[in-house]
Structures are given as C-alpha cells and as structure tokens.
Amino acid sequence: MLPADVSALISRIPLFAHLTDAQRAALADHLRWICLQGGQYLLKAGETADALYLLRSGSLGVFDGPTTLIRQVSADDCLGEVSLLSGEALRYNVRALRDCELLRLDRNHFEQLIEHHPRAMLGMARQAVDRLIRRERHVEPPDKPRTFAILPVDQGVPVRGLAMQLAQSLEAYGSCVVIDAEHGANRGSDWFAEREAQARFVIYLDSTGDASWRLRCLRQADVLLLPALAAQPARPWPEAAPGHPARVRHRPRHLLLIHPAHRVLPGAARRWRAQFSGELEHHHICGESDIPRIARLISGHARGLVLAGGGARGLAHLGALRALHETGHHFDAIGGTSIGAIIGAGVANRWSIEDMTRVYYEAFVRGKPLSDWTVPLVALTRGRRAAIMLRRAFGAIDIEDLELPFFCVSTNLSGQGKVVHRHGPLWLWLRASSSIPGILPPVLHHGQVYVDGALVDNLPADVMADDGIAHITAVSIRADIELKAQTEEFATPPWWRLWIRQRRGTGWPRLVSTLTRAAMVNSEETSEHCRARADVLITPPLEHVGMLDWRDWQLAVDSGYEETMRVLEALERAPRSSNDTAHLPLEG
C-alpha cells in the first residue's frame, strides 16, 4: 500500500510539476513502493534501467566503481530517466547510502506517461541535460548531510549532553530534533520519514546500547558520529566487527574525542584512529565551545583559512590574523604551504596572536634558521637550524594533536608530486613544506624525497574546497618571480670580474634570488586557480619586502594588517543580494 503523501511527493518533483491533480492521482496508481536498506544496490553499471525511481526518504549515492562517490541523490529527486530515454546502459552504480524509501514507475507505465503527457518528456530531457552540464563543469554541489547518528564506543561516554548541545548548534542552520531509543524504538519507516521531512536535521542517539536501536540509528544516518573518552584505552567500535553493516564505508565517519582538563592529550588521536581503516575525520572536544565548530564541520557550514608560502613576506600572515581576530572572524579548519603552513599550525594549535608574534619573531628574525651555511653539495644550508626551530616551537606533537583540523602541502620528488599531510610529526612535515630547493636540504622519509610545497601549490585553497569547507578565506603572498638582467651572458666571468659587476649592480642575479623564484614560478598557474576558489581573498602588497629579508618583518606584518582591514571593510560596504555567497576576491 502506498503512503498517503504520494501525491504531494509527485507535486514536489519538477518532472511532474505541470500535471493536474487528477493526472497526479492517476500516476500514483501506477507507482510501487519499495524499501532499500543502507548499502544495497538499486542500479548497477552496465545494466539498462527498467523503471523510473522517485526517492521519498533517505539518500542514494551514485558511484564510479565500488567506492568513488560522484553524486548524492536526496529525497524528492528521481533517477533512471536518462537510461529509460536513451536505452543505453548505465555508466554508474547506484546504492543506498542509508535506508531509503522509493516509488517505482515501471517502463511500460513510464512510456504511457510520455505518450499522454509529452511535456513530461521535455522536462526530463531538460533535467538530464542540466545534470550532465553541471557534472562536466564540476559545479554540481554535493548535498549537505541531514541526519546524524551518535554511536559511542561504549555506554561510559556521556553522549546525551553532547547530542543536545550539538542539536542546539545545528539550529542556527535549520530545525533539529533528537530521537533516542525511548522515542524511536519499534517505529515504522513512515514515522522516521515524517520526522525527517519536518526537520532540517535529525540526530539519532544511542545512549542505551540497545543493539536493535543502534542498528536503526546506523541505517538512518547520512553521517556517523563516534564519541569516545580520549584518556581511555583505545578499543574497536562494535560496528567494526566483520560482516557488520557499518563496514560498508559509504558514509562520512567522524571520531569525537572528549578530553579532560580542557586540553588535548598528545597521542590520543593516533591511538584511537588506529582502531579504524578507511576514511575517518577526528575532532577534539575540550570544552563547550568546540561543539558549534563540529556542528559547522559536519553540516557543511564550516569556515576555512588558507595561508600561502612566501618566505619573509609570509610574516604578513601575522598582521592578517590580527585583523581577522579583531573583526570577529574565526575558523574551523586551517591549511597552508611553507611559511603559511608554519603560521597556520599556530592557529590550529589555538595560540593567541601575541604568542604567535613572539614565537615567530624569535624563530625567524632572531633565530636566523637559514644561517647554517655549508658546502653546497645538497643545499646552501644544513637545515639543522630550521629543524631545531620547528621542534622548539611545536615540540613533538603530531598533526592529529592540533585542536583544529589542519593540513600542509609538500612536493614529493619521488614521483607523487603534491602531497597533503594530515598525520604524523608536525615539525617534520612543516620542515618538508618549507624546504626551498637549493636553499634548504630536502626531507628524506621512508625512501621518499620531500621539498617545498610551493613548487606545486602555494595557496592550497583547492584542498580546502575539496574537503567540503563552505567558506574559505585565503591570504595570498604573490612572489616577485621576475628576474631582470643588465648584461648579455651565457657563462659566469672570472670571480674578480663578477665581484666588480655585482658591486656595480650590473651582475648576475644572486643565487638565493634565483632559487627562491625558481621554486615558486611553476605554481603560479595553480595559485591563480586556487585564488578563484577563495570566498575572501587577501593579497597584501609586499614588493618592498625581500623573500628572505627577515629584518623587514614589521613592514610585512603591517602590510598584512592594513590590507586585511581594507578588504574586510570593502566586504561590509558591498551590496548583497539575497542569494549572494559573499564571494568577493579583492586584491591590492
């Protein structure tokens, strides 16, 4: 028997918007209700669709191969129409991301619909073409998650308060309800579909450990939230058992580590993450202020900060951060390259602006990390001072121990190209991310050779965007990569003649200048693409600061502050339409 709201569902689907009430009622008579459990296939690549499917509740994933999710289908959408119209085999697999209810219109009834209502054919063709165009242009936005399951590792984790705080934070983006075993046990699928239709977000909470209810939570969720007490010994989740439905890894999983004493316990993330395989994100909860941040991250409303590399010019980030802090801008995820990664790690560690200014002044201006010159068999410097500086600043913590999600970018010269680091010793990968070829020796790790990430991606806003961060603020440091010569030469003259020319300013470009510019020239095209991914783009004017002239640090900081304030003030003055996404890339 079909649900009572079938006619309303049909009216919400653009494909049938032109039908009269009587025509929709007639169409409803030919629809057949089916239920698809999470993980089950609806359609497989190579098959030809034999029906049109309308999704009433739940979500379906369109997969290229067994695991690559390319599109998500949400309630009130349909699929199968392209194959029905063309008669061609399906290119992709379609399976349930969670429990789904669908309405099926068989091929013969579909053809009758087209014959009697040709406008439906036109609507389907338009919808199919529009979907193909958006897919080709890579602009088809992924649907934001709506249902979450909170599944603690055991009943010793205090999850009810966590669920209520999370629901309160999600209310900023739409209504949210929490359903636990007391309210949801022994309910039918119609009851859950109705609750999900009424609220923007639904949190399914397991606070009792009841196996059947926990399985229901798992089957209803778009996203799995897995809380644990960070200080406890790590152990597997019940869902990690062989054959358990949770092992079908088609949903995002977020490990929530609850820490005592309002501070992150070093090594806890690594211990707990070792219990999982496959994709997994983790978040540290040290206080109530962390809950709204997690709500933004899991619901697709997070704000990210990306900081570019640029040598001494990168100290402009300190000024930009001060301006952003003074104007109330806070961020949920941080990423960067080279010195942008080093300063971004301080932000991810939640250092104050004053502490960051003091630490980085001591490290770069007074510490002179590039002053351990050596015979240039590998590089101009030994790299030891730079490594000591980073270890002194950050200690022995892992990237996973930072309070905010963080990544940095390096270049792998052993064949991998761009590498995004999210795990492992923080100081080591910061050292790799800032290894300017020829100036600092590369980092050698497990047989691989890593150098400065600026070679391939100096402003990794693309990485941040691919992480699903909704709003990105990027501070770009443009490199002065143009070198001019005042002489025609193809080989250096004798040293004494070269010295005289250098004194007169008509000689060859300096070695350090050549190396620093060469390290960044190849990433300029990528950086332009990444600048376009930013919603707010800040580019301080830094022509007066040399790439390795740390003595001009205050000029860089002041320029970063002034330009950031100018951009933010322009943003405030800019007129906004109701659908404006606040994308305003401004440059100095």
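Predicted model: local features only at pLDDT ≥ 70, side-chain atom pairs only at ≥ 80, totals over all residues.

Q: How much space is in the largest cavity?

A: About 170 Å³.

Q: And which residues lie nearest the centre of the largest cavity?

A: Ile342, Phe364, Ser434, Leu440 and Trp550, out of a lining of 16 residues.

Q: What does that lining look like by class?

A: Twelve of the lining residues are nonpolar, three are polar and one is charged.

Q: Which helix gives the most to the lining of the largest cavity?

A: Helix 15, with three residues. Helix 13 (339-348) and helix 15 (384-394) each supply at least two.

Q: OK, zooming out. How many helices and strands are there in the protein?

A: The secondary structure comes to 21 helices and 23 strands. Of the 588 residues, 50% are buried.

Q: And for contacts between residues at least 6 apart in sequence, what share joins residues at least 24 apart?

A: That share is 76%.

Q: Let's do some helices. Which residues of helix 4 are buried?

A: In helix 4, which covers residues 107-116, the buried ones include Phe110, Leu113 and Ile114. Looking down the axis, the buried residues of helix 4 fall within an arc of 95°, so they line one face of the helix.

Q: What's on the face of helix 4 turned away from that buried side?

A: Glu115 and His116, which are exposed.

Q: How about helix 16, how many of its residues are buried?

A: Eight of eight, so to speak a mostly covered helix, spanning residues 426-433. Among the buried residues are Trp427, Trp429 and Arg431, and also Ser433.

Q: Switching to strand 16. Is Thr337 buried or exposed?

A: Thr337 is buried, at 0% relative accessible area. You'll find Thr337 in strand 16, residues 333-337.

Q: Which residues does Thr337 touch, leaving out those up to four places away in sequence?

A: Leu307, Ala308, Gly309, Val409, Ser433, Asp452, Gly453, Ala454, Asp457, Asn458 and Pro460. Ser433 is the residue I listed as buried in helix 16.

Q: And Gly335, buried or exposed?

A: Buried, with 0% relative accessibility. Gly335 lies in strand 16 as well. Setting aside neighbours within four places in sequence, Gly335 is in contact with Leu305, Val306, Leu307, Phe407 and Met464.

Q: Now Ser299. Where is that one?

A: Ser299 is in helix 11, which runs over residues 290-299. Ser299 is buried too, at 0% relative accessible area.

Q: Which backbone oxygen lies 2.6 Å from a polar atom of the Ser299 side chain?

A: The one of Ala295.

Q: What else is Ser299 in contact with, beyond its neighbours within four places in sequence?

A: Lys144, Pro145, Phe148, Leu170, Tyr173 and Phe201.

Q: Last topic, backbone angles. What's up with the phi of His262?

A: Phi of His262 is near 55°, a positive value in a residue other than glycine. Most residues other than glycine have a negative phi.

Q: Where does His262 sit?

A: In the loop between strand 13 (253-258) and helix 10 (268-273). His262 is exposed, at 64% relative accessibility.

Q: And what is the phi of His446?

A: Near 50°, again positive in a residue other than glycine. His446 is in the loop between strand 19 (443-445) and strand 20 (448-452).

Q: Is His446 buried or exposed?

A: Exposed, with 72% relative accessibility.

Methods: Residues numbered from 1 in each chain as written. Heavy atoms only, no water. 1 Å grid on protein atoms, 1.4 Å probe; cavity = no way out; pocket = protein on both sides within 12 Å on 5 of 7 lines; lining within 4 Å. Points joined across faces, edges and corners; volume = space filled by probe spheres on them. Helix = DSSP H or I, 4+ residues; strand = E, 2+ residues; numbered from the N terminus. Nonpolar A, V, L, I, M, F, W, Y, C, P; charged D, E, K, R; others polar. Buried < 20%, exposed > 50% of the residue type's maximum accessible area, 1.4 Å probe, protein only. Arc of directions from axis to C-beta. Contact = heavy atoms within 4.5 Å. Polar contact = N/O pair within 3.5 Å; in protein donor to acceptor, adjacent residues only side chain to side chain.
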